[in-house]
Amino acid sequence: MPNSQQSLFNFDNTDENLRFKTLEEVKKVCNYCYKCDLSKTRTNVVFGEGVFSSKIMLIGEGPGQNEDETGKPFVGKAGKFLDKFLETQDISREKNIYICNIVKCRPPENRVPTNEEMAACREYLDAQIQLMRPKIIILCGSTAVKAMLGVKSGITKIRGQWFEGPFDAKMMPLLHPSYLLRNQSKAVDSPQWLTLQDIQKIKKELDSFN
Ligand code: SF4
C-alpha cells in the first residue's frame, strides 16, 4: 500500500481542455521556452528520452554539462551508471522506460534549481505525466523527491518506499547515481546494494502490469 501525502500535483485540467494534446506539442513549446533565466545559459533544452508508451517514468533534477551538450537526459558518468543499474532488471530507455527531469535546462555550475525555476518548468513535466500516464514514477534524487512529494526528510530515509502519485501511479524515491558513484561499496546495506533492491522492487511492480 503506497504512503499518502499532501498532493503537489496540478492536474486540474481535464483531458478536454489540456493545453497540450501530444508530446510533440509540449516538446516544441519547451524547445523555445524562455520562461526562466536558465534559458540564458543553456545550450540545448533537455526534454526527455525513452519509450513514451512505457509504464515507467524516471524523473531527475535537471541536465548537467553532458546533457546540456547532447540534449539528452542522464548521459554523463552518473547517467551511464544509472543505465547499468536499470539494465540489471531489463529496464532501459530503448525498451521500457521514459526519462526526464524537473527542469529542462541546465542550471549553471550544476547548482540545484531554484523553487522559481522548478515552478516555471513544471507545466512541461505535468504535461508529460498527464499525456503518458505512467504506472510507476521513479523520483531520482532529493530534488525530484522534494518537487513531487514536498517532503523534507532525507531521501535515504524514504528511498524504496511507495508513495501515491498522480493518476493512480505509484512513486518511489531512488538514490541518485552521483551519490552511488561516490559510495562504491557493494556490501549489504550499502547505497548501491539498497538501490539494487529498490530496482528489483520496481521491476516486480512493472511485471505485475504485464
Ligand atoms: S528550465 Fe524550463 S521554464 Fe526554464 S527556460 Fe528551460 S524549459 Fe523554460
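Guide: The largest cavity is the space taken by the ligand. A cavity is a set of points, on a 1 Å grid over the protein atoms alone, where a 1.4 Å probe fits but cannot get out; a molecule sits in one if more than half of its atoms lie within 2 Å of its grid points. This is a predicted model, in which local features need pLDDT of at least 70 and side-chain atom pairs count only at pLDDT 80 or more, while totals for chains, interfaces and linings use all residues. Residues are numbered from 1 along each chain as its sequence is written, and side-chain values use heavy atoms, with hydrogens and water left out.

Visitor: Which residues are around the ligand?

Guide: A residue is near a molecule if one of its heavy atoms lies within 4 Å of it. Those around the ligand are Cys30, Cys33, Lys35, Cys36, Leu38, Ser39, Arg42, Lys104, Cys105, Ala120, Cys121 and Tyr124. Helix H5 gives the largest share of this shell, three residues.

Visitor: What makes a residue of the shell nonpolar, polar or charged?

Guide: Ala, Val, Leu, Ile, Met, Phe, Trp, Tyr, Cys and Pro count as nonpolar, Asp, Glu, Lys and Arg as charged, and the others, Gly among them, as polar. By these classes the shell around the ligand has eight nonpolar, one polar and three charged residues.

Visitor: What is a nonpolar core?

Guide: The term denotes a set of buried Ala, Val, Leu, Ile, Met, Phe, Trp, Tyr and Cys residues joined through side-chain atoms within 4.5 Å. The largest one here has 57 residues, and Ile59, Ile102 and Leu139 have the most contacts inside it. Helix H5 (residues 115-132) gives the most to this core, with eight residues. Helices (H or I, at least four residues) and strands (E, at least two) are DSSP runs, numbered from the N terminus.

Visitor: Which residues does Ile102 touch?

Guide: Contact means heavy atoms within 4.5 Å. Not counting residues up to four places away in sequence, Ile102 touches Ile59, Gly60, Glu61, Met118, Cys121, Leu125, Ala144, Ala147 and Met148.

Visitor: Why is helix H6 described as largely enclosed by the rest of the structure?

Guide: Buried means under 20% relative accessible area, exposed over 50%, and partly exposed in between (1.4 Å probe, protein chains only). Six of the eight residues of H6 (residues 142-149) are buried, so the helix is largely enclosed. They are Thr143, Ala144, Val145, Ala147, Met148 and Leu149.

Visitor: How do you know whether Phe74 is buried or exposed?

Guide: Its relative accessible area is 8%, and the limit for buried is under 20%; therefore Phe74 is buried. Phe74 lies in the loop between helix H3 (65-70) and helix H4 (77-87). Its phi is near 50°, a positive value in a residue other than glycine. Most residues other than glycine have a negative phi.

Visitor: What makes Glu109 count as exposed?

Guide: Glu109 has 73% relative accessibility, so it counts as exposed, the limit being over 50%. Glu109 is in the loop between strand E3 (98-101) and H5, and its phi is also positive, near 55°.

Visitor: Why is Asn115 called partly exposed?

Guide: Asn115, which lies in helix H5, has a relative accessible area of 48%.

Definitions and conventions. On a 1 Å grid over the protein atoms alone, a cavity is a set of points where a 1.4 Å probe fits but cannot get out, and a pocket is an open set with protein on both sides within 12 Å along at least five of seven lines; lining residues have an atom within 4 Å of a point.
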